[in-house]
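Dear colleague,

I am handing over the structure below, and my notes on what was found in it follow. Please read them with the model open beside you.

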Amino acid sequence: MHGMLTDIGISVLAATALGFVFQLVRQPVILGYLVAGALIGPAMGFNLVSEAASIEVISEIGLILLLFIIGLELNPSKLLASGRQLIYAGIGQFIFCVLIGLGFFLLLGYELSRNNIDALYLALFCALSSTAIVVKLLYDKFELDTFPGRITLGILIFQDLWAILILALQPHFTNPQFLLVFIALGKSVALLAIGFLLSKYLLSWIFKKISQTPEMVVAMSMAWCALMAGIGSWIGLSMEMGALIAGVAISTFPYSMHVTAKVLPLRDFFLTLFFLSIGMKIPFPDAAILGMALIIVLFVIVSRFLTIYPLLTLAGSGRRTSFIASLNLAQISEFSLVVAALGVHYGHIDQRMMSLIIYAMAMTSVLSSYFIKGNHAAYLVFNRFLEKRGFPARTKENHDEEEKNVYPIVILGFHRGAREFIGRLETETPDLLKKLLVIDFNLENLKELSNKNIKGIFGDIGSMDTLEHAHITAAQIIFSTIPDMLLRGTSNKALVTSCRALAPSAYIVATADSADQIDVLRKSGADEVLLPYVLIGEKLTRFVEQTCLTAESCKL
């Protein structure tokens, strides 16, 4: 145990140091993690980590949490709304990538026979994209819930389904038994059914009992993730598949954003170890491996635009969505390393092929950081290039769904002041109600808002992660109407500071308990400060003055 803790400590220190250096020089932090892994690993580095397997165990937790958060973000209705675009790309991308890959690698001299199936393995490696990298980068950019982001995520989920088939068939690649495919599909359906039934009849009841305690909501969600991951492993599927289904089950509840915000730090920590574990596996290269790895990287990028772009375009997607989704998915999946390791174990490929895939994946991981960070800028260059050559964009882009997630008026907490404000809007300007977003952790309040057709989100207003994922960065006006004496775990000063950092141009209104707080709140970034008791005093003063001017009993 002590050796494992020492290895984790060394890994975290190395990742932090290299990540900081790469952040300073404005390079992808993921690259820093890979370099850190290589430096402390046994292959190229100083062999500081004696038990790399321990790090791999911890890093697998990162993948499980990642798939759980993907499920939380995965709104089935929104995915289904993508319609034929997602179905065409999700099914066709993998099939066409494998077919193109087989032809390409056969031309390069790799074999596809009963005794040598290197070409098949390379084609499979290049057909799958990295869920860990893509989701993390899109999440950091808040693009998972955009239309191109949902298409990207949908294709990744289809790839996860293809991955299940690969695992089922891989032991018999040289002598396939297709019955195993149907068994694997049956197990997947069974896991979905178990998750659906438990979440509908048991989990919903439990959440109703603990909804007033946000910490218990998070703890129960993590326990639910562990349970479904265990069931997935027990029936012969992956724990990651079970975690994905666990997340999807909770995504239908109002707590999903709150749970996501609380689980994110855990996910990021474990994913850091995941990238470190990849770096530890990087062997010392030679010219032949590096050259072939570069060819594979180029093929992966080109293959995405030969498959995803035309499939989405034919299905009716605009040029922007087709281009961005293709660029987002231009990397090799971490799952390819699993397939490669199993391939070595089954004797299908040699260790040199494994090294080749590690280098190719490391290269595409680094490039993806730049691709996804600059995907919109790259699209503008691509679009201008085509328009200058007489190919204007004809399909109207789908921005409607993205605009629905932006609310110009955000209310933090639904207390008496907010309730009165909304009541006034209902009678005087009801059209403004659809522009409101309320964040609160009281289910009864959220039900009341839902009955009024007002968007409400379950979450902790004191958590910056919750505010970020509620997209308050686009808000024009932010209200904090609850005085400090009624807030738990936060204050108006902390709320104003967080909101000003996330939404620099928003007009922020805070609430003070006393006049002494006004300057403090204004210095923190508040544009307006409400004093409820002062307002009551002013109202009573005006009432008394007006009454005494007309009533004989008030005259001296």
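**A polar contact and its surroundings**

The side chains of Ser480 and Asn492 are joined by a polar contact of 2.8 Å, where a polar contact is a pair of N or O atoms within 3.5 Å, one able to donate a hydrogen and the other to accept it within protein, and residues adjacent in sequence count only if both atoms are side-chain atoms. Please bear in mind that this is a predicted model, in which local features need pLDDT of at least 70 and side-chain atom pairs count only at pLDDT 80 or more, while totals for chains, interfaces and linings use all residues. Residues are numbered from 1 along each chain as its sequence is written, and side-chain values use heavy atoms, with hydrogens and water left out.

Ser480 belongs to strand E4, which covers residues 477–480; helices (H or I, at least four residues) and strands (E, at least two) are DSSP runs, numbered from the N terminus. Ser480 counts as buried because its relative accessibility is 5%, and buried here means under 20% relative accessible area, with exposed over 50% and partly exposed in between (1.4 Å probe, protein chains only). Apart from neighbours within four places in sequence, Ser480 is in contact with Leu412, Asn492, Leu495, Val509, Ala510 and Thr511, contact meaning heavy atoms within 4.5 Å.

Gln517 lies in helix H23, residues 516–524, and its side chain reaches the backbone nitrogen of Asp513 at 2.4 Å. With neighbours within four places in sequence again set aside, Gln517 is in contact with Asp484 and Ala512.

**Elsewhere in the chain**

In another part of the model, Ile87, Tyr88, Ile91, Ile95, Phe96, Leu99, Ile100, Val302 and Leu306 make a nonpolar surface patch of about 780 Å². Val302, which is in helix H13, is partly exposed because its relative accessible area is 46%.

For the protein chain as a whole, the secondary structure comes to 24 helices and 6 strands, and 51% of the 556 residues count as buried.

Technical notes: Patches are made of residues with over 30% relative accessible area and no salt bridge: like charges are joined within 9 Å, nonpolar side chains (Val, Leu, Ile, Met, Phe, Trp, Tyr) within 5 Å. Accessible areas come from the Shrake-Rupley method with a 1.4 Å probe; for residues, only the protein chains shown count as cover. A salt bridge is a side-chain nitrogen of Lys or Arg within 4 Å of a carboxyl oxygen of Asp or Glu.
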